[in-house]
Amino acid sequence: MSEDPTYPHPEPYTANFLRRICRGLSSWFGLLNEWDFRIPVGGLRFMGLDLLLVNDPEAVRQVMVKEVDQFPKHPYTLWMLEPLIGRGIFSVNGAEWAHQRRLVDQAFQVAHLQRVWPQMVAACEASLARLEALADGRSIDADAEMTLVTADVIVRTILSRPLEGVEAEAIFAAFARYQKRAGRALMLRFLRLSRRRLQGYLATHAAPIRAWIAAAIDARLADVSAPGDDLLGALLAARDPETGDGFSRDELVDQVCVLFLAGHETSACALGMAVYLLGRFPVVQQRLRAEVLQVLSSRAGAPDRPLGFEELRQLSYGAAIFNETLRLYPPLSFFIREAQADTELAGSRCPMRALVAISPWVIQRHEQHWSEPNSFRPERFLTDTSDEASSTEDRRWSRDAFLPYGLGPRKCPGAAFAQQEALLVLAELVRRFEVLPDPEHEPELVARLTLRSRNGIRVRLHRLP
């Protein structure tokens, strides 16, 4: 086994962008080459479109924080996702986005982290019960289980009910098909294929997901006795303080599509890779288990009860493990923006209408930002300066070149939710099981809408005494 965990190595440099697009049909990583991990800004022009890859941290902040109105989401983002999420908060711009963000933020304030804690614990307990039946040394697909537990968390949080296995399988299969086709559609759009034709192609695969979510919302709207203290209830009650308007039924479908897909898909990507890393690095796993047991040792009674809300917040090393997982394997590998005027980024010309790509995958593995950029070292994210494995430079880049949730006003509103969910699942997993790698398996990572393994993430679990 090599020292560094698995990752798709970048291709040798080629100026032929058409060749990169052909590689990108199967995974967006095919667009990258080895020089992209060494330069502050890279640019090219293809079929009349200027493309820039921005890696310089100050230029990234210019695009995503300081001059955010001058770099809205690129139209490609909207048309690629519109068949799935409609005009949801993730892809729209301007006043439409601001209105939606005010309502979504209001809903998240109502459904705060401590309030949704019981739903997270219930989904985690259901996952542990499933894993208990499989923990006999057989190879299992951690990717599939992490997808199910994160989807169960978000369905319980939004709809106050668990996600059943049969309905889950159908939704996951539909989204996997959409992911694969959307990844190809973006590459074909670079070649100027018809937007209408491509969106029609995508809509076929989005239809089952949207129909399932629309049916759940319609059932809630028709049920006057339904609980109103979940996230859907908070979305229904939210009112824009500037206009007094709430979400219409169709807008609710769009927003819940965003929350369901972003809330479970991105978390599932990161959690699956975190489980892979725990099996790959037993010393890290042992240190996390020791931290969990140390926290539990101060508990008075009820030793088998799941970790509590305040107990979870004491797991600093666990949080560092998950942040390092997000650095190495950011679920969203690319953000794309459109320049609204001629400007400069890190000294490079950025023409109006240029497609500006910011890649957490590249920035968080950039050779100028990180020591041993492809190595797994959770200590980078520990704030305790006495830890010998952490350096001042590591801690600097963990602040300045770490953006798995985005930056600025468009930073993911569910970031704290995702961190809490992931830490709970990982802590309870290592508390009950030893995670071992499957010696016959290595994940094959592909970048589409999210980062996924083409062949799953297989590990072996052994029950702890």
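User: Which residue takes a positive phi in the hairpin of E1 and E2?

Analyst: In this predicted model, Met 47 takes a positive phi near 50° in that hairpin, which has two residues between the strands. Local features are given here where pLDDT is at least 70, and side-chain atom pairs count only at pLDDT 80 or more, while totals for chains, interfaces and linings use all residues. Residues are numbered from 1 along each chain as its sequence is written, and side-chain values use heavy atoms, with hydrogens and water left out.

User: What makes E1 and E2 a pair of strands?

Analyst: Strands are DSSP runs of E with at least two residues, and helices are runs of H or I with at least four, numbered from the N terminus; two strands pair if DSSP finds at least two bridges between them. E1 (residues 41–46) and E2 are joined in the antiparallel sense over six bridges, so the pair meets the requirement of at least two. In E2, Leu 52 is the bridge partner of Gly 43.

User: How do you know that E2 also pairs with E7, and in which sense?

Analyst: Three bridges link E2 to strand E7 (residues 355–358), and the sense is parallel. Leu 53 has Ala 357 in E7 as its bridge partner.

User: Why is strand E2 called largely enclosed by the rest of the structure?

Analyst: A residue is buried under 20% relative accessible area, exposed over 50%, and partly exposed in between (1.4 Å probe, protein chains only). Six of the six residues of E2 (residues 49–54) are buried, and therefore the strand is largely enclosed. Leu 49, Leu 51 and Leu 53 point one way, Asp 50, Leu 52 and Val 54 the other way, and all are buried.

User: Why is Asp 69 called exposed, and where does Asp 69 lie?

Analyst: The relative accessibility of Asp 69 is 67%, so this residue counts as exposed. Asp 69 lies in the loop between helix H2 (57–66) and helix H3 (75–85).

User: How many disulfides does a search of the whole structure find?

Analyst: The search finds zero disulfides, a disulfide being a pair of cysteine sulfur atoms within 2.5 Å.
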